[in-house]
Amino acid sequence: MNMMLGRTRHGGFTLIETIAVILIVGLLAGVVGPLMVGAAGAYAGARDGRAAIENASFAMDRIVRVLREAPEGATEGTAAFAKALPGVFGFTDGSFVSKSGTDVVMVEPGGATSHPLVRDVTAFELTYLRDDGMELDTGAGDDVSDIRRVEIRLVAGGQELRTGVFLRVGMGGGG
């Protein structure tokens with residue numbers, strides 16, 4: 001009798017089976033790995049873009065609200081602008097909004113408290129319009145009491161937002 005016939009084979013991989021598994025896993029990693037890295041990068045980019053647009057939208061909403069609720073000026077139906085330049089507007093109560101470095105900041109009435117509205121700002125542009133839609137050049141001496149509408153362009157975090165604001169005081173609604 002042969003003694004080998006009574007022995008059972010212990011489970012295990014042969015060298016060829018092990019090499020085949022390593023090759024298959026390597027090929028899968030080579031195909032799936034870059035896809036995973038690309039998906040992670042796309043997710044991070046989308047997340048950053050979403051955060052930037054949310055921050056810029058918050059700032060734009062706050063700026064619009066401040067302009068709509070502008071205090072009434074000395075003449076009925078006018079806003080109490082003390083300053084209206086391409087990158088800053090302010091009222092006679094000491095409040096203003098301006099670009100300071102790479103931030104857009106808002107200063108409360110009285111000028112005591114400053115709040116950054118949004119950071120990483122590359123552009124903050126204000127255009128002032130009359131009733132007839134014509135642009136005012138407030139830097140060249142046009143009367144700020146003629147302002148009835150403000151066009152705003154804000155670029156922050158690589159996201160651009162634009163809007164127009166009609167002043168309530170100019171519409172007979174009061175501030």
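## A first pairing

Which residue is the bridge partner of Met106 in S5? The bridge partner of Met106 in S5 is His115. Here strands (E, at least two residues) and helices (H or I, at least four residues) are DSSP runs, numbered from the N terminus.

This is a predicted model, in which local features need pLDDT of at least 70 and side-chain atom pairs count only at pLDDT 80 or more, while totals for chains, interfaces and linings use all residues. Residues are numbered from 1 along each chain as its sequence is written, and side-chain values use heavy atoms, with hydrogens and water left out.

## The sheet of five strands

The strands S1-S2-S3-S4-S5 form, in that order, an open sheet with antiparallel pairing; two strands pair if DSSP finds at least two bridges between them. Strand S1 (81-85) and strand S5 (114-118) are at the edges and have a single partner strand each, so one side of each has no neighbour in the sheet. The twist from one strand to the next averages 25°. Such angles run from 0 to 180 degrees between N-to-C directions, with axes fitted as lines to C-alpha atoms, for helices over the stretch in contact. S4 and S5 are joined in the antiparallel sense over four bridges.

Ser98 is a residue of strand S3. Its relative accessibility is 10%, and it therefore counts as buried (buried means under 20% relative accessible area, exposed over 50%, and partly exposed in between, with a 1.4 Å probe and protein chains only). Apart from neighbours within four places in sequence, Ser98 is in contact with Gly87, Val88, Asp103, Val104, Val105 and Phe124, where contact means heavy atoms within 4.5 Å.

## The sheet of three strands

A second open sheet has three strands in the order S6-S7-S8, again with antiparallel pairing. Strand S6 (121-129) and strand S8 (159-166) are the edge strands, and each pairs on one side only. On average, neighbouring strands of this sheet are turned by 10° against each other, direction ignored.

S6 pairs with strand S7 (residues 149-156) in the antiparallel sense over eight bridges. Across this pairing, Phe124 stands opposite Leu154 in S7, and Val121 stands opposite Ala156 in S7. S7 and S8 also pair in the antiparallel sense, over eight bridges, with Ile152 opposite Thr163 in S8. The hairpin of S7 and S8 has two residues between the strands, and in this hairpin Gly157 takes a positive phi near 60°. S7 is largely enclosed by the rest of the structure, because six of its eight residues are buried. In a regular strand, side chains alternate between the two faces of the sheet.

H1 lies across S1, S2, S3, S4 and S5, and runs at about 125° to S5. H1 also touches S6, S7 and S8, packing on their sheet, and its direction makes about 15° with that of S8.

Ala52 is found in helix H1. This residue is buried, with a relative accessible area of 13%. Not counting residues up to four places away in sequence, Ala52 touches Ala156, Gly157 and Gln159. Ala52 and Ala156 are 104 residues apart along the chain, but their C-alpha atoms are separated by 6.8 Å.

## The largest pocket

The largest pocket has a volume of about 170 Å³. On a 1 Å grid over the protein atoms alone, a pocket is an open set of points where a 1.4 Å probe fits, with protein on both sides within 12 Å along at least five of seven lines, and lining residues have an atom within 4 Å of a point. Grid points are joined across faces, edges and corners, and the volume is the space filled by probe spheres set on the points.

The lining of this pocket has 15 residues, and Val66, Phe91, Asp93, Ser95 and Pro109 lie nearest its centre. Helix H1 (15-68), strand S2 (88-91), strand S3 (96-100) and strand S4 (103-107) are the elements that give two or more residues to the lining. H1 gives the most, with three residues. By kind, the lining has nine nonpolar residues, one polar and five charged. Ala, Val, Leu, Ile, Met, Phe, Trp, Tyr, Cys and Pro count as nonpolar, Asp, Glu, Lys and Arg as charged, and the others, Gly among them, as polar.
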